[in-house]
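Hi everyone, thanks for coming. Let me put a structure on the screen and walk you through it.

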Amino acid sequence: MAGVSEIEQMLAEALSAIKSASSIKDLDDIRIQHLSRKGRITSVLKSLKDLPLEKRKEIGAAANKARVTLEQSLKDGLERIRAARPTIAVDPTLPGIRHRVGAIHPLTSVMNRLCEGFIRMGFGVAKGPDLETDYYNFEALNFPPDHPARDMQDTFYVEGGKLLRTHTTPVQVRILEMQKPPVKVIMPGKTYRNETVSARAHCIFHQVDGFLVDEGVTMADLKGALFAFCRYFFGEDVKVKFRTSFFPFTEPSAELDITCFLCKGKGCALCKYSGWLEILGCGMIDPFVLSNVGLDSEKYTGYAFGIGVERIAMLKYGITDIRLFFENDIRFIRQFK
Ligand SMILES: [Zn+2]
């Protein structure tokens, strides 16, 4: 067991080491050697409990004094070393470091703007799982069992019977199961189809699907909402036309064309000289889809629409190869700053 004189000796050594220390690391080593959990002075303080009372008082006081002195000395030493540090001169003639500013991916910015158009009209935004069941992706949406979309050729099936959703409309079923009308929601997200990747088709793409269900919703509401959206997105002077079409989950179904924004309807290469561009699919929600989620299809009606984000981005930016969106070539993405 260390006596008072040994403690004083310990302290003297430490103080002289602090005096000659030339770096913060030197000071840190001294602190660890004496004051850490297993340090010399700490050990003395720890062993006090085994001593008789008189000794404990005497040695305890000496060790505590040594600790306080050492802590103060370490503090002073740190200030001394910090003050002695050379200041760094700034040379304003040195060349600067160029910071590269990132750009939002064109698909993200088009998707955000598409959503914005509907959010302004009071639509909520909902998301659902990419990995879906056959029920939500097909069955609940009125795809008959022999529909070609259910073929292994067109859909990615995953082990355990699940599949990668082929559209974002399954989210519509999930919402209607949980929420009573009126409901108006858009559902942006990734979708997947087993396509051969080419300039015009990819196995991954993005959609913004949306729907509204309430009492007394008619085709006129659908037309009004989509026309307002097109004016917001493509400009005030845009004209629209609806062509009849077919989707399993809407009846009647339509496709919406707008006047070509490049040639204003006169005819150009973008619109293949027709003056019109096909923009989205839409229709009145099939009563089967509504009654399937427990809604009274006599009381409630609704409309739905789906927009392909890649298609809009390709038209908007004049991109002729869909693969460019997914290659992450920085030279391509940088053009959209
Ligand atoms: Zn055109």
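Let's start with a question: which residues in helix 1 are buried? Before I answer, two words on what you are looking at. This is a predicted model, where local features need pLDDT of at least 70 and side-chain atom pairs count only at pLDDT 80 or more, while totals for chains, interfaces and linings use all residues. Residues are numbered from 1 along each chain as its sequence is written.

Now the answer: Ile-7, Met-10, Leu-11, Ala-14 and Ile-18 are the buried ones in helix 1. Viewed down the axis of helix 1, these buried residues fall within an arc of 95°, so they line one face of the helix. That arc is taken from the directions that run from the helix axis to the C-beta atoms. By buried I mean that 20 or more other C-beta atoms lie within 10 Å of a residue's own; exposed means 12 or fewer, partly exposed is in between, and C-beta atoms are placed from the backbone. On the other side of helix 1 we find exposed residues, including Ser-5, Gln-9 and Lys-19.

What do the buried residues of helix 1 pack against? They pack against helix 2 (24–35), helix 3 (40–47) and helix 4 (53–84). Contact here means that the C-beta atoms of two residues, placed from the backbone, lie within 7 Å. Helix 1 itself covers residues 4–20, and its 17 residues reach 25 Å from the first C-alpha to the last, close to the 24 Å expected at 1.5 Å a residue. The expected span is 1.5 Å times one less than the number of residues.

Let's zoom out. The protein chain has 12 helices and nine strands, where helices (H or I, at least four residues) and strands (E, at least two) are DSSP runs numbered from the N terminus. The domain assignment gives domain 1 (4–84) and domain 2 (106–336); such bounds come from an automatic or database assignment. The centres of domain 1 and domain 2, taken over C-alpha atoms, are 74 Å apart. For the protein chain, the radius of gyration is 36 Å, whereas a compact globule of 337 residues would have one near 20 Å. That radius is taken over C-alpha atoms, and the globule rule is 2.2 Å times the number of residues to the power 0.38. Buried residues make up 30% of the 337 residues.

Seven of them form an open sheet with the order 1-4-5-9-8-7-6 and mixed pairing. Its edge strands are strand 1 (124–125) and strand 6 (240–247), each pairing on one side only. Two strands pair if DSSP finds at least two bridges between them. Strand 4 (residues 183–192) and strand 5 (residues 204–215) run antiparallel and are joined by 10 bridges, with Pro-188 opposite Val-208 in strand 5.

Last, some backbone details. Most residues other than glycine have a negative phi, and most peptide bonds are trans. Here, the bond from Pro-181 to Pro-182 is cis, with omega near 5°, and Pro-182 is in the loop between helix 7 (170–178) and strand 4. The bond from Glu-251 to Pro-252 is cis as well, with omega near 0°, and Pro-252 is in strand 7 (residues 250–259).

Is Lys-272 buried or exposed? Lys-272 is exposed, with 11 other C-beta atoms within 10 Å, and its phi is near 55°, a positive value.
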